Amino acid sequence: MEVYKTVPHEFADKFESGEEVKIDTFSAYHKMDTPRQDPMDGKARNVVDHYQIEGVASDHENAALMSMGISQSMCIGGEFTNLVHETELRDMYVFCTSHTPDFKKAEEMNCSLFKISDLTKFASKVRSVKYNQFGNFAVRQVMYEPRTGNPFVDGPRFADPFKKDLDYACENEIRAIWKIKGTRRGPIFRLPAVRRYIERLS
């Protein structure tokens, strides 16, 4: 799967050689204060202002209440108001790329643009080289949808590493994620073995 990655000019040479490849975690990204940061990445929020269940809850209502952290044993009638329940993924490594090259955006961000010839092979190589730190991985296109909603109206929201808010749909993102093995490391890793997949475009 061919993808594209922007890297600040000052780190471009070391990224191209594989000497310094940044692979951070969801928790680290949440601490960053930048316009590009999606605060709901890796999270989901279910919000209920008011909902009345009459009698025994339907399967749809039970699913909505379960997404709010309410057990099915409690789902027999009742009024629910001002409920907010947020879920968050167990932390994992994430490497974000785009499906399309954007030279203009790279220039505006003072970044170099790179092509990664095969993100799946890239992710697999990272895991094989850093097997004590990186566990099982997945590579997938990100889907964009509201990450906050009313579970009775919109259906339950669940934290998903491949879902982001609609506001970020312009990123057209494809990402690789890995389970964390042992103690979290990084975010800079020496990975010269992945340089075969990296080509600088600008």
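Is Cys170 buried or exposed? Cys170 is exposed, at 71% relative accessible area, where exposed means over 50%, buried under 20% and partly exposed in between (1.4 Å probe, protein chains only). The model is predicted: local features need pLDDT of at least 70 and side-chain atom pairs count only at pLDDT 80 or more, while totals for chains, interfaces and linings use all residues. Residues are numbered from 1 along each chain as its sequence is written, and side-chain values use heavy atoms, with hydrogens and water left out.

**Cysteines**
- The whole structure holds zero disulfides, a disulfide being a pair of cysteine sulfur atoms within 2.5 Å.
- For Cys96, the nearest cysteine sulfur is that of Cys170, 13 Å away.
- Cys96 is partly exposed, with 23% relative accessibility.

**Nonpolar cores**
- A nonpolar core is a set of buried Ala, Val, Leu, Ile, Met, Phe, Trp, Tyr and Cys residues joined through side-chain atoms within 4.5 Å.
- The largest such core has 24 residues, of which Ile23, Phe95, Phe122 and Trp178 touch the most other members.
- Elements giving two or more residues to this core include β1 (3-8), α1 (9-17), β6 (92-98) and β12 (173-180); helices (H or I, at least four residues) and strands (E, at least two) are DSSP runs, numbered from the N terminus.
- The most, four residues, comes from α5.
- A second, separate core has nine residues, among them Ala57, Met68, Ile70 and Phe152.

**Contacts of Phe95**
- Leaving aside residues up to four places away in sequence, Phe95 touches residues including Phe15, Ile23, Ile116, Phe122 and Trp178, contact meaning heavy atoms within 4.5 Å.
- Lys5, Lys22 and Arg175 are also among the residues that Phe95 touches.
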